[in-house]
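Q: Could you walk me through this one, feature by feature? I'd like the general idea each time, then the actual case.

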Amino acid sequence: MLLEDYQKKRDFSQTPEPQGKIIPRENKKPIFVVHEHQASRLHWDLRLENNGVLKSWAIPKGIPQKINEKKLAVQVEDHPLEYKDFEGEIPKGQYGAGKVKIWDSGTFETVKWDNSVIEIVMHGGKMRGRYTLVKTREYTKNSWLLIKQRTKGD
Ligand code: MN
């Protein structure tokens with residue numbers, strides 16, 4: 001899949017979003033970004049660098065703040081790595097129309113990453129410590145839960 005879905009959904013003559021390409025980076029700490037996206041419904045988008053793209057989840061109710069708090073996270077199309085710097089307004093009529101701003105960013109460490117469980121340690125301004133993403137069996141095949149985990153010292 002990689003960036004094909006991302007590019008198919010957008011008209012780059014209309015949207016200020018980056019068209020993007022796959023950018024594998026070796027020997028660099030992977031980065032993450034959380035966008036606050038005021039689309040038809042306000043949501044947050046968590047994006048984790050993986051294999052040259054940003055794996056992305058839309059989180060309708062925001063990032064969990066308390067230990068063991070769980071939030072629905074719907075996996076969406078991979079975004080290009082350049083999207084980590086994107087802020088702006090996607091014009092009316094375009095996919096995801098509305099204001100996008102960066103809510104948090106930083107690096108992360110991967111403890112585990114497979115098809116149904118992702119365990120990460122976040123080093124951001126707001127997202128700090130351990131989180132897991134767990135694929136659910138309910139709803140749709142794109143549904144995950146984002147859970148804030150206890151971190152040493154909490
Ligand atoms: Mn979004």
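A: Let's begin with the metal. Donors are N, O and S atoms within 2.8 Å of the metal (3.2 Å for Na, K and Ca); water is not among the atoms, so a site may look incomplete. Here the manganese ion is coordinated by H37 (ND1), H43 (NE2) and D45 (OD), at 2.2 to 2.3 Å. Along the sequence, its donor residues follow the spacing H-x5-H-x1-D. Before we go on: this is a predicted model, where local features need pLDDT of at least 70 and side-chain atom pairs count only at pLDDT 80 or more, while totals for chains, interfaces and linings use all residues. Residues are numbered from 1 along each chain as its sequence is written, and side-chain values use heavy atoms, with hydrogens and water left out.

Q: Are H43 and D45 buried or exposed?
A: Buried means under 20% relative accessible area, exposed over 50%, and partly exposed in between (1.4 Å probe, protein chains only). By that rule, H43 and D45 are both buried.

Q: Which residues touch the most other members of the largest nonpolar core?
A: A nonpolar core is a set of buried Ala, Val, Leu, Ile, Met, Phe, Trp, Tyr and Cys residues joined through side-chain atoms within 4.5 Å. The largest one has 19 residues, and L46, L48, M122, M127, L133 and L146 touch the most other members. The elements giving it two or more residues are β1 (31–38), β2 (42–50), β3 (53–59), β6 (98–113), β7 (117–124), β8 (128–135) and β9 (143–148). Those labels are DSSP runs numbered from the N terminus: helices are H or I with at least four residues, strands E with at least two. A second, separate core has 10 residues, including L3, Y6, I31 and F86.

Q: What is L48 in contact with, beyond its neighbours within four places in sequence?
A: Contact means heavy atoms within 4.5 Å. With those neighbours left aside, L48 is in contact with I31, F32, V53, L54, K55, W57, F108, W113, I118, I120, M122 and L133.

Q: Which strands are joined to β4 by bridges?
A: Two strands pair if DSSP finds at least two bridges between them. β3 and β4 run antiparallel and are joined by 5 bridges, with W57 standing opposite Q75 in β4. β4 and β9 also run antiparallel, with 5 bridges, and there L72 stands opposite L145 in β9.

Q: How many aromatic pairs does a search of the whole structure find?
A: Rings of Phe, Tyr and Trp (its six-membered ring) pair if their centres lie within 6.5 Å; planes under 30 degrees apart count as stacked, over 60 as edge-to-face and the rest as tilted. The search finds 4 pairs. One of them is Y6 with F12: centres 6.0 Å apart and planes at 35°, so it is tilted. Y6 is buried at 0% relative accessibility, whereas F12 is partly exposed at 23%. Another is W57 with W144, edge-to-face because the planes are at 80°, with centres 5.7 Å apart. W57 is in β3 and W144 in β9, so this pair ties together parts 87 residues apart in sequence. W57 is buried at 1%, and W144 is buried at 3%. Y6, F12, Y83 and F86 form one aromatic cluster.

Q: Where do N51 and N68 sit, and what is the phi of each?
A: N51 is in the loop between β2 and β3, with a positive phi of about 50° although it is not a glycine. N51 is exposed, at 62% relative accessible area. N68 is in the loop between β3 and β4; its phi is positive too, about 75°, and it is not a glycine. N68 counts as partly exposed, at 48%.
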